[in-house]
Amino acid sequence: MEKWWQSSVVYQIYPRSFQDSNEDGIGDLPGIISRLDYLAKLGIDVIWLSPVYQSPNDDNGYDISNYETILPEFGTMSDMDLLIVEARKRNIRIVMDLVVNHTSDEHPWFSEAKKSKDNPYRDYYIWRDPVKGGAPNELQSIFSGSAWEFDTTSNQYYLHLFSKRQPDLNWENPVVQAEVWKLMNFWLAKGIGGFRMDVIDLIGKIPDREITGNGPKLHDYLQRMNQETFGKYDVLTVGETWGATPEIAKLYSNPARKELSMVFQFEHISLDEIPGKSKWDSQPLDFIKLKEVLSKWQTSLGTEGWNSLFWNNHDLPRIISRWGNDSPEYRIKSGKMLAAILHLMKGTPYIYQGEEIGMINTPVSSIEEIDDIESINMYNERIKAGYSKSEVLKAINKKGRDNARRPMQWNKTKAAGFSKGEPWLSINPNFKEINVENELEHPDSLFYFYQKLIQLRKENPLVIWGDYRELYPNDSNLFVYERRYQEEIWLVVANFYETKANFNYKGKKVKEILLQNYSDASIHIENLELRPYEVIVYHLG
Ligand code: TEU
Ligand code: CA
């Protein structure tokens with residue numbers, strides 16, 4: 001059965017950096033409301049809103065201290081209600097970020113829990129006695145250092161897979177589960193469009209066996225969650241699932257299992273990491289492998305699962321800087337090429353704010369310019385371990401999360417139209433060239449290219465349902481695939497690099513060119529020379 005979210009395009013908003021409305025330099029809900037017409041013009045169907053709940057902002061909202069109130073910096077609950085209504089008027093649904101692997105250490109549950117071993121909230125979290133005078137085991141935090149923090153009041157350790165201000169909830173406790181169902185139902189009753197579930201693959205953890213991802217009880221919990229909460233609604237649920245293989249993705253998203261709508265998995269986007277090391281240890285992208293991985297996900301789910309399509313989010317560097325080319329000459333060309341490859345695949349595409357106008361990374365020259373806790377903790381750890389400042393900064397400039405979190409560039413006025421005050425995080429100095437206003441003035445812009453891709457998806461069932469077949473898998477420049485649906489065949493031919501590349505195709509003739517990033521693409525596919533980052537979409541027949 002077809003679901004609305006299978007033909008939708010999602011736009012992710014990082015509220016702190018989208019649009020400020022009251023000159024405090026922090027993006028907010030009224031700011032988002034004022035930009036809904038812009039998003040409607042782009043053509044998206046869903047907004048995934050990164051967390052806007054009460055939070056001390058140790059991890060910018062991914063540390064929640066009250067799930068049912070809005071952080072005053074972002075506005076009020078009536079602003080939130082208005083956002084839901086105003087978005088709906090434009091056929092846009094709001095998907096909330098559900099962060100329930102952990103809470104903030106300022107959540108009342110944790111304030112109570114740490115009071116004493118017999119506090120009624122103690123079992124909301126994961127506490128263990130010291131072992132041989134130290135941490136219970138070797139589990140590491142994703143934000144550097146041990147995942148165990150010692151609590152002097154009770155002489156026990158608590159678990160935190162992220163910062164020590166993000167204690168992990170104890171999902172084995174049924175009372176914790178009931179609390180989560182309750183807060184989810186609170187939001188569902190407001191008419192939201194669903195949930196994006198932060199690190200949901202970690203909730204089935206067994207810390208004593210050092211199992212974190214894909215724990216044995218994970219899918220039981222999700223089936224129960226579905227039953228107790230969103231199963232009664234027609235909503236989109238997407239799990240952030242770092243360690244998913246296609247087989248695991250089917251467990252999450254096979255409709256017959258009644259868990260989630262889709263996975264958001266990272267196999268393709270982790271390919272420039274040295275295997276077994278961290279995201280900070282980069283290796284050049286293996287392009288053949290990238291094609292293999294993306295193609296594998298296209299063909300392996302069938303009707304037993306659904307996948308997300310993305311290059312970017314608030315944790316990842318900007319894709320044009322990463323795998324495209326962010327020089328003035330090729331920024332737009334490579335951005336269009338990357339967009340076309342992704343958006344003409346099967347799955348639900350996600351656009352991260354600023355991606356549609358080709359925003360790029362913002363290199364820094366000192367750690368003082370960085371806000372992100374993950375980067376700062378890693379910096380301190382590596383400096384202690386003897387790395388040089390310059391090599392650590394190099395890694396941060398390549399992979400650091402602030403690259404995605406600099407304010408949205410709306411126009412060429414002060415602070416890029418993001419705020420009339422001093423932005424909470426500095427703006428990329430390129431905002432006079434790269435901004436929304438500029439994009440909207442030029443018919444050839446990246447914005448209109450994304451708009452066109454969304455329109456193609458809306459108007460052609462082939463993009464949503466068509467079979468996928470990769471061609472020339474071993475070509476070291478070209479990404480080529482075809483989509484087939486009923487009698488229709490589309491052929492996507494992309495040159496991933498700056499060097500020219502030849503393409504020779506024998507078979508069907510070209511009916512028309514559906515999309516291109518140069519203005520004079522050739523229809524002679526039997527012998528084609530692709531220019532730098534050229535992408536052409538052919539309708540064959
Ligand atoms: O991310 C999980 C996660 O493992 C990554 O953020 C990781 O830290 C790294 O940046 C990958 O490049 C989710 C959220 O998306 C992230 O923003 C939160 O910090 C994290 O969970 C904790 O809630
Ligand atoms: Ca504000």
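Reader: How many nonpolar, polar and charged residues does the shell around ligand 1 have?
Author: Welcome to a predicted model, where local features need pLDDT of at least 70, side-chain atom pairs count only at pLDDT 80 or more, and totals for chains, interfaces and linings use all residues. Residues are numbered from 1 along each chain, chains are lettered from A and ligands numbered from 1 as written, and side-chain values use heavy atoms, without hydrogens and water. Asp, Glu, Lys and Arg count as charged, and Ala, Val, Leu, Ile, Met, Phe, Trp, Tyr, Cys and Pro as nonpolar, with the others polar. By class, the shell has six nonpolar, two polar and nine charged residues.

Reader: Which residues come nearest to ligand 1?
Author: Let's look at the 17 residues around ligand 1 (a heavy atom within 4 Å). Those that come nearest are Asp 59, Asp 198, His 314, Asp 315 and Glu 374.

Reader: How far is a polar side-chain atom of Asp 315 from an oxygen atom of ligand 1?
Author: Polar contacts here pair N or O atoms within 3.5 Å. His 102 has a polar side-chain atom 2.9 Å from a ligand 1 oxygen, and so does Arg 401, at 2.9 Å. For Asp 315, the distance is 2.5 Å.

Reader: Is Asp 20 buried or exposed?
Author: Buried means under 20% relative accessible area, and exposed over 50%, with partly exposed in between (1.4 Å probe, protein chains only). Asp 28 is buried, and Asp 20 is also buried.

Methods. Polar contact = N/O pair within 3.5 Å; in protein donor to acceptor, adjacent residues only side chain to side chain.
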